[in-house]
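The following note sets out several points for a colleague who is examining this structure.

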Amino acid sequence: MIRDSIWRNNFSGIAPNTLDSELLAPQDGTTIIHNLVENNNNYDAPAKILQLSMIDNGIVIGGGNNNIVEDNIVNRHIYRR
């Protein structure tokens, strides 16, 4: 569960995912509630080239199952380079 947190000034906000090396892939059953997610458009944050499509996003669910995403505040994810 991801809850009651602040996600700010990252490359992208919250992004639960599954590594190919995990035994029980894909990611399943994450609950994301009551978070503040803002200004996640930081091009200076560490990232790999394959993550470029995720910049400026607040909450990204990539390949997960049975997730609950509710009652989050997502603000100001604007390209500002």
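1. Asn66 counts as exposed, because its relative accessibility of 64% lies above the 50% cut-off for that class. The residue sits in the loop that joins E4 to E5. Its phi is positive, at about 55°, although Asn66 is not a glycine. Please bear in mind throughout that this is a predicted model.

2. With a relative accessible area of 55%, Asp71 is exposed.

3. Ile61 belongs to the loop between strand E4 (36–38) and strand E5 (68–70). Is Ile61 buried, partly exposed or exposed? Its relative accessible area is 35%, so Ile61 is partly exposed, given that this class runs between the 20% and 50% limits.

4. When neighbours within four places in sequence are set aside, Ile61 is in contact with Pro16, Ile32, Asn67 and Val69. As for Val74, 13 residues separate it from Ile61 in sequence, and the C-alpha atoms of the two are 14 Å apart in space.

5. Three strands form an open sheet in the order E2-E4-E6, and the pairing is parallel. Strand E2 (6–8) and strand E6 (73–75) are at the edges; each has a single partner strand, so one side of each is without a neighbour in the sheet. From one strand to the next, the twist averages 5°.

6. The pairing of E4 with E6 can be given in detail. These two strands are joined in the parallel sense over three bridges. At the residue level, Leu36 has Ile73 in E6 as its bridge partner.

7. Which residues line the largest pocket? They are Ala15, Asn17, Leu19, Leu50, Gln51 and Met54. The volume of this pocket is about 190 Å³.

8. Asn66 is exposed at 64% relative accessibility, and Asp71 is exposed at 55% relative accessible area.

Methods
Residues are numbered from 1 along each chain as its sequence is written. This is a predicted model: local features need pLDDT of at least 70, side-chain atom pairs count only at pLDDT 80 or more; totals for chains, interfaces and linings use all residues. Side-chain values use heavy atoms; hydrogens and water are left out. Helices (H or I, at least four residues) and strands (E, at least two) are DSSP runs, numbered from the N terminus. Buried means under 20% relative accessible area, exposed over 50%, partly exposed in between (1.4 Å probe, protein chains only). Contact means heavy atoms within 4.5 Å. On a 1 Å grid over the protein atoms alone, a cavity is a set of points where a 1.4 Å probe fits but cannot get out, and a pocket is an open set with protein on both sides within 12 Å along at least five of seven lines; lining residues have an atom within 4 Å of a point. Grid points are joined across faces, edges and corners, and a volume is the space filled by probe spheres set on the points. Two strands pair if DSSP finds at least two bridges between them. Axes are lines fitted to C-alpha atoms, for helices over the stretch in contact, and angles run from 0 to 180 degrees between N-to-C directions.
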